Amino acid sequence: MTALQIPNVSLNDGTSIPQLGFGVFKVDPAETERIVSDALEVGYRHIDTAKIYGNEEGVGRAIAKSGIPRDELYVTTKLWNDEQGRDTPRAAIDASLERLGLEKADLYLIHWPTPKQNKYVESWEALVELQQAGLTTSIGVCNFFESHLRDIISATGVKPVVNQIEQHPALQQPELDAYLRAEDIKTEAWGPLGQAKYPLFELEPVTAAADAHGKTPAQVVIRWHIQKGNIVFPKTTSRERMIENAQVFDFELSGAEFDAITALERGEEGRVSAHPNEVN
Ligand code: NAD
């Protein structure tokens, strides 16, 4: 199985991650093995899953069946909210690794800050220890605002390598983006296509660039993320779209095209999924 040629992004702990991967949120556990097998055959080598998706076993079976050497794969999974705490993440990652059939994750993330339970700092301290214990190469967070990031960094001196946040042309959070760039914390954009809920594919700057380059609107939006420096893993269950979504390294948006898509920012109106302070 030949891997797609995908650039790596350097992370602040000295490791690197393929800039484009494959996400499996809402992929039916009963179909995950087949769908992830398709993605690996198409050439994806970076898979983004989570305990709460309920499909780590299917991801693990697809990886095992593929025969792809472990060091050619990049696997991310996440600590669910009810397992946050100082001592609970150890059992959580052990169980995730068991389901994935792996000895070590490449990246382990806190899934949500859940500010009301106020355990994200102790959870981060636990993740630092999981990394030291060799259970995951890198550690990071999802859905953190600047205040949450400042709290965990000041408690431990350890920066997350990524913050995985909802990001697409209609929701860019420029202030958070600027903080992440200044701290060298990479943005992993979840919902990169607006989860097909926000009508990005119908907006003129996207359709105009698609026509100009002979690409689909989805390819244009993914390319916008790539040029922004984001790490992305669009989700699809269709093999054709897996191929389509990876064909984004053979064209470049002009400065004017990129800026016109960036101008689609709508602030909170653009948010298609939960607000991080409301997930508890
Ligand atoms: P997405 O923006 O990737 O959108 C997925 C939708 O887009 C699906 O409905 C799919 O059918 C459609 N789509 C995919 N390719 C297409 C194409 N070429 N043309 C037309 N439509 C296409 O949304 P997502 O799945 O929520 O985000 C991607 C990944 O991010 C997830 O699978 C998951 O791994 C991760 N994620 C993380 C969090 C978090 O809290 N950390 C939350 C949501 C998602």
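**A serine and its surroundings**

Tutor: Apart from its neighbours within four places in sequence, Ser123 is in contact (heavy atoms within 4.5 Å) with Leu79, Gln84, Gly85 and Ile110. The model is predicted, so local features need pLDDT of at least 70 and side-chain atom pairs count only at pLDDT 80 or more, whereas totals for chains, interfaces and linings use all residues. Residues are numbered from 1 along each chain as its sequence is written, and side-chain values use heavy atoms, with hydrogens and water left out.

Ser123 belongs to helix H4, which covers residues 120–132; helices here are DSSP runs of H or I with at least four residues, numbered from the N terminus. Because its relative accessibility is 0%, Ser123 counts as buried (under 20% relative accessible area, with exposed over 50% and partly exposed in between, for a 1.4 Å probe and protein chains only). The side chain of Ser123 is also joined to that of Gln84 by a polar contact of 3.2 Å, that is, a pair of N or O atoms within 3.5 Å, one able to donate a hydrogen and the other to accept it.

Turning to helix pairs, H5 (residues 146–156) and H6 (residues 174–183) pack with their axes 10 Å apart and at an angle of about 25°, and H5 and H6 are therefore roughly parallel to each other (under 35 degrees; 65 to 115 is roughly perpendicular, over 145 roughly antiparallel and the rest oblique). On the H5 side Glu146, Leu149, Arg150 and Ile153 take part, meeting Leu176, Tyr179 and Leu180 of H6. By class, this contact of H5 with H6 has five nonpolar, no polar and two charged residues.

The axes of H1 (residues 29–42) and H9 (residues 239–246) come within 10 Å and cross at roughly 40°, which makes H1 oblique to H9. From H1, the residues in contact are Ile35, Asp38, Ala39, Glu41 and Val42, and from H9 they are Arg239, Met242 and Ile243. The residues of this contact of H1 with H9 divide into five nonpolar, no polar and three charged.

The other residue is Glu268, which lies in the segment after helix H10 (255–262). With 48% relative accessibility, Glu268 counts as partly exposed. Leaving aside neighbours within four places in sequence, Glu268 is in contact with Leu171 and His275, while the C-alpha atoms of Glu268 and Lys116, 152 residues apart along the chain, are separated by 21 Å.

Definitions and conventions. Axes fitted to C-alpha atoms, helices over the stretch in contact; angles between N-to-C directions. Helix = DSSP H or I, 4+ residues; strand = E, 2+ residues; numbered from the N terminus. Nonpolar A, V, L, I, M, F, W, Y, C, P; charged D, E, K, R; others polar.
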